[in-house]
Amino acid sequence: MQQHPSITYEDGGKAIKGELVEPTAAVKLNESYCASCSLCASLCPFEAIKRDPETRKMILEIEKCQVCGICYSSCPAKAIDIFYYDLASLTRYLESARQEYNSDTLVIACKGSSPDFNAVANLFGVSKFVPLSVPCVGRISGDVFLKAIASLGINKIYVLACDDNYCRFERGSALTGRRVTVLNLLLEQLGFGKDVIVLKRNSPKVKADRDKCIRCGSCVFYCPYEAVKLNGTEPASFDLELCHGCGICVAMCPAMALELEGWEREYISALISRLCSQMEQPKILVFRCQWSTFSLLDSDLEPNVRLIDLPCAGRVDTFHILESFAQGVDGVMVAACPEEDCKLKDGSREAYHSILALKGKLDQVGLGERLHFCFVAPRYPQNFAQELRRFKEKLEITIKGG
Amino acid sequence: MIVTELKPLNEILELVSPYFTVLIAGCDGCTQPPRSIKEAENLSRLLELGGRHRGKKFNFKVTTIPKQCDSHLVATTLGEQLQGIEAVLSLGCGAGVQTIVGMFPDLTVLPAQNTLFIGAEDREGGLMEERCVACGDCLLGLTGGICPITRCAKGLLNGPCGGCSNGKCEVDAEKDCAWYLIIKRLEKQGRLGILGEIRPPRDFQTVIRPGRIVERPSQEVK
């Protein structure tokens, strides 16, 4: 990372001075270190890195890259630079968090496996710990684990990952499993004891209240994984083996009969309420697909902006958007992955149509300008901040005029 | 199902603005998508927001009825919920609205929807199209399952008018020529012979409007 003290960069509004500012891409290959071993290419779930047959150099196609970080965490030559959660930023975070939380226990959770640390804490039976939430644990290299144990005063690490077939980045979860096994063996041999790292898995899925089902068949149609069936006279039945936890059915159900584990309606409503009371005016609430952009570990939001991270834009429910406006939020922004990048097939597209329809209704009561939908991808880290800034400016004009 | 469309919100606001405590009643029945409890909640918020703009406050309550066109279900579902309610805003079709008034004649019941047609939903295509005009003398068995009374702009019973162009109707180029579809369908099924028989003009009095069927004579309550 290069130092450019004269240039500032905004992520969610706060300027991070003196740090790297300029990469347009979130992942870069550093030719001078690369040994062309092709490990990255063999692990990349999206075939974004390939070896050029003629030059024999590794080529990164950033448009295919989903910024899972697996290549970064696996490269033996440290030849990959990544904008998010690299060793340096993770180290910095762990150093300060170690002090702040005053604990020698580290809990790393994949965003896909749990929305926050309350449930995670219960799962592992810990109450005091240093929390680290990352989009996919597959991006955490062995170095991070070892550094935490060896020099950052961490004595126990709990890792919550998704199941292998649930992992949004396809290989991240499986890779983590193997990594942890190997690291535990190593740590045991080095005298740190058995099972220094404990790995558990959790894959949040749909919960159906069959008493409320009105058998309209909406969920059957919208499920991208054909995990729902409507048979005979029974309420809709869900095959949890097939369910990928996208939440589209939950957002679409007209009878409010469905919930997504971890992101239940009441949970989100309570979150909206709490965030609303924290915000200054003009209040902007962002409903964000948690794969569309990643927060930096050391970034703060402006006092009038708050985020709700969801497992997929498809989980964004018009109910919650209207609830936000009713609670006094001035502007709502919905951020989704570009359609072709959607980790859950149709989530981004369904969200787009749903929000567009709601915008039409809001237009009828003069509030259409208060709802903004955008596609953002983490491969271009400035994307999200740019969209947010644009929306803010537009909102300010709207508020002045209205 | 019965295809409906939400009225423009300004029009609904006009309808409800004389009232303060309004019960929004959804319907779990056939409209697509069902305007059930979520739709009722969303509508209450949209109207509240719209009301703010006009300096008008409301106290909305929400509920849903399994079928608004069933008098018994309406009576049992709504019966307990009408304390203090000044008006009911119905998300049902026209039949639903009228059934509610029928069961609670002193109640002001307002329609939030416009009822459009009997239709089918093409999920993949993302559209709803009229399929049946309730003529009361179904001839779908003779037209390969495609209704010319509904889908032919001229309601012809014995073949195309000659204005068909590229399979589209001369009255509305967005719409298919129903007879083109019928002929293609019967051809594929090897049943074109059916069209040999010329059908007489339609009986327009199969159902004298308003339609009525007596299921059983009403019994005197003893």
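In chain A, 70% of the contacts (heavy atoms within 4.5 Å) with a separation of 6 or more come from residues 24 or more positions apart. This is a predicted model, where local features need pLDDT of at least 70, side-chain atom pairs count only at pLDDT 80 or more, and totals for chains, interfaces and linings use all residues. Residues are numbered from 1 along each chain as its sequence is written, chains are lettered from A in the order in which they are written, and side-chain values use heavy atoms, with hydrogens and water left out.

Chain A has 12 helices and 18 strands, taken as DSSP runs (H or I, at least four residues, for helices; E, at least two, for strands) numbered from the N terminus. Of its 402 residues, 56% are buried, that is, under 20% relative accessible area with a 1.4 Å probe, protein chains only.

Now for the partner. Chain B brings 23 residues to the contact and chain A brings 26 residues. Together they bury about 2000 Å², 63% of it on carbon and sulfur atoms; that is accessible area (1.4 Å probe) lost on being put together, summed over both. On the chain B side, Lys38(B), Arg45(B) and Arg123(B) lose the most area to chain A, together 33% of what that side buries.

There is one salt bridge between the chains, meaning a side-chain nitrogen of Lys or Arg within 4 Å of a carboxyl oxygen of Asp or Glu. Lys38(B) pairs with Asp317(A) here, at 3.0 Å, N to O.

Notes. Buried area is the accessible area (1.4 Å probe) that two parts lose on being put together, summed over both. Buried means under 20% relative accessible area, exposed over 50%, partly exposed in between (1.4 Å probe, protein chains only).
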